[in-house]
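Let's look at how the labels on a protein model get decided. Keep the picture open while you read.

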Amino acid sequence: AARAWGVVRLAADATGMGAPFTARLAERLGEAIEPVTFSVRSKSEMGFALLAGARSGRLALYANDQSGEARTCRVELRHCSGRLLQAGKMRWGAPPGEHDDYVASLALCLRASQSVPAPRLARGRSR
């Protein structure tokens, strides 16, 4: 399906149970897939990228259509919090008993978008 959709870059969680899934994706998509193992460093980088994307307007949510997915995404974003650690790292996530799957998905989407080549523009010859 990813090829049919024209996916150029896909970042996927390769932590724990995600490792076999991303390995299979890599077999099919080659370099288009970026397996991401969640660690303090990788989550920190993605947390800072989320903040930068949200503050700059580079990251925006789709219109709230009142669907269950839209509600859940916004709830998870409201509940997610972060704190600075030593050495300039950030730890973020949902409080105990809550989920942050949509937040992690947004972080992975943003990470993938950072390595997508600029679109090619066709230019005609000047006369």
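**Salt bridges and how we label them**

Arg111 and Glu45 form a salt bridge, with their closest N and O atoms 3.7 Å apart. This is a predicted model: local features need pLDDT of at least 70, side-chain atom pairs count only at pLDDT 80 or more, and totals for chains, interfaces and linings use all residues. Residues are numbered from 1 along each chain as its sequence is written, and side-chain values use heavy atoms, with hydrogens and water left out.

Q: Why is the contact between Arg111 and Glu45 called a salt bridge?
A: A salt bridge is a side-chain nitrogen of Lys or Arg within 4 Å of a carboxyl oxygen of Asp or Glu. Arg111 and Glu45 have their closest N and O atoms 3.7 Å apart, so the pair passes the test.

Q: What parts does the pair Arg111 and Glu45 tie together?
A: Arg111 lies in helix H4 and Glu45 in helix H2, so parts 66 residues apart in sequence are tied together. Helices here (H or I, at least four residues) and strands (E, at least two) are DSSP runs, numbered from the N terminus.

Q: What makes Arg9, Glu34, Arg41, Glu45 and Arg111 one network?
A: Their salt bridges share partners. For instance, Glu45 also meets Arg41 at 3.2 Å, N to O, and Glu34 meets Arg111 at 2.8 Å, N to O.

Q: How do you know whether Glu34 is buried or exposed?
A: Buried means under 20% relative accessible area, exposed over 50%, and partly exposed in between (1.4 Å probe, protein chains only). Glu34 has 16% relative accessibility, so Glu34 counts as buried.

Q: Which label do Glu45 and Arg41 get?
A: Glu45, with a relative accessible area of 37%, is partly exposed. Arg41 has 55%, so Arg41 is exposed.

Q: Why is Leu84 called exposed?
A: Its relative accessible area is 64%, so Leu84 gets that label. Leu84 sits in strand E3 (residues 81-84).
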